[in-house]
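Here's a quick briefing for anyone meeting this structure for the first time. Have a look at the model, then read on for the main points.

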Amino acid sequence: MQNYDPFRRHLLFSAAAAGAAAAGGAAAQIRTDPPPHELDGKPMPEPNASVSAGPVRPGRGSTLTGKVALVTGAARGIGRAIAVEFAANGADVIALDIAGPVSAASNAVPATPAELEETVRLIKTYGRRGEAIRADIRDIGALRRIADDIDTRYGRIDIVVANAAIQRWSPLVEMTDADWNDVIENNLNGTANTIRAFAPTFIKQRKGRFILLSSMQGKHGTKDAASYSASKWGIIGLMKSAAIELGQYDITVNALIPGLVDTPLTRYETRLRESMAETGRSVPQHPTPQEAWDVRAPTVPLRVGWLEPEDISPAAVFLASDAANMVTGAEYEVTGGDSAKDI
Ligand SMILES: NC(=O)c1ccc[n+]([C@@H]2O[C@H](COP(=O)([O-])OP(=O)(O)OC[C@H]3O[C@@H](n4cnc5c(N)ncnc54)[C@H](O)[C@@H]3O)[C@@H](O)[C@H]2O)c1
């Protein structure tokens, strides 16, 4: 909470009034509760303008013009959708991905350099600057060099999305050491590395946005995917701790919590079977995608078997936008309503 600033109140109110006048009533900026704000003649303190989301203005929840963003795991899936959606809303975007095998403890096929280049091509279709960086989020030294390099070449970094992850399906008692360690090392440690590498630039700027990808599997247990669930649960603890530590620098840290999304992370038979088994229904040995959809959809409030990556990316834009200035330490669920069943 900052000190009362009557000059700022005056400016905001004047801007709203001027905007309304200039636009013939369609105001550009509006304080819905115009000043003075007082209690028994004493002024109400309010957040500083540099921190607050400020007055109502059109598009503030979807405008990233002039911002520079980095998205990890951007070669495909949710990371690509976020990178492209950021560009569509005005940001320059650096797409980072290993674009190759991550670990034997990954059920998904590896992403490719061609997929990463396709993300950059899509970014550029919106007239924004885009580039690909091949790197491994487990290598904090590489991430630190990339942070310094982007800061030098772009002059700023506004948004970092820690999205890269792998998933492993294996019962706990059958797990190899790699099934546990590699998933934790990649998903949890890699996400922490991303924060630790880019936070110094944000602190120097006294501004920045971290958006971490967790999962509904980070909010409840998952049969036969304990290492993934634990990594995603850990990301929520990491997010809340980082939000507490970094808030003093006007840095926000939030988690996006997708429900089941159709990407290479999930598009294989084992995952179809697991998603059907979660509903408690009997599962055929070789289910078709349509069978899996038909079993899941009635259990989800919005009646979908799964979501698309582009269902998730608009929420990332909001969390990266000025409208979310006061949102930190938060879990933002996009699940088609699946999360309504969890506490
Ligand atoms: N798909 C879903 O149903 C779902 C649901 C909830 C949460 N999520 C989360 O969303 C995020 C994106 O998932 P997705 O479904 O798009 O997966 P995906 O497999 O399609 O994409 C993940 C990308 O991360 C990259 N990556 C993995 N490890 C890396 C590393 N060490 N260094 C650099 N890049 C690396 C991969 O190469 C890949 O391109 C993940 O954090 C995932 O846990 C996904």
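Predicted model: local features only at pLDDT ≥ 70, side-chain atom pairs only at ≥ 80, totals over all residues.

**Starting from strand E3**

Val68, Leu70 and Thr72 point one way from E3, while Ala69 and Val71 point the other way, and every one of them is buried.

**E3 and its partners**

- E3 covers residues 68-72, and it's mostly covered, with 5 of its 5 residues buried.
- One of its partners is strand E4 (residues 92-97), and the two run parallel, paired over 5 bridges.
- If you want a spot to look at in that pairing, find Thr72, whose bridge partner in E4 is Leu96.
- E3 also pairs with strand E6 (residues 159-162), again in the parallel sense, over 3 bridges.
- Together, E3, H2 and E4 form a β-α-β unit, and it's right-handed.

**The nonpolar core**

- The largest nonpolar core takes in 78 residues, and the ones with the most contacts inside it are Ala69, Val71, Ala83, Phe86, Val93, Ala95 and Ala316.
- Helix H2 (residues 77-88) supplies the largest share of this core, at 8 residues.
- Zoom in on Ala83: leaving aside neighbours within four places in sequence, it touches Val71, Ala74, Val93, Ala95, Thr119 and Ile123.

**Around the ligand**

- The ligand has 30 residues around it, and the closest are Gly73, Gly77, Ala111, Ala165 and Thr263.
- Two elements give two or more residues each to this shell: H2 and helix H5 (177-205).
- H2 provides the largest share of the shell, 3 residues.
- So which helix turns up both here and in the core?

**The whole chain**

- Zooming out, you'll find 9 helices and 9 strands in the chain.
- Its radius of gyration is 22 Å, close to the 20 Å that the globule rule gives for 343 residues, so the chain is as compact as a globular protein of that length.
- The C-alpha trace spans about 70 × 45 × 35 Å along its principal axes.
- Of the chain's 343 residues, 41% count as buried.
- Take the contacts between residues at least 6 apart in sequence: 72% of them join residues at least 24 apart.

Terms used: Residues numbered from 1 in each chain as written. Helix = DSSP H or I, 4+ residues; strand = E, 2+ residues; numbered from the N terminus. Rg over C-alpha atoms; globule rule 2.2 N^0.38 Å. Buried ≥ 20, exposed ≤ 12 C-beta atoms within 10 Å, placed from the backbone. Contact = placed C-beta atoms within 7 Å. Core = buried A, V, L, I, M, F, W, Y, C linked by C-beta atoms within 7 Å. Pairing = 2+ DSSP bridges. Right-handed = clockwise from strand over helix to strand, strands pointing away. Near = placed C-beta within 6 Å.
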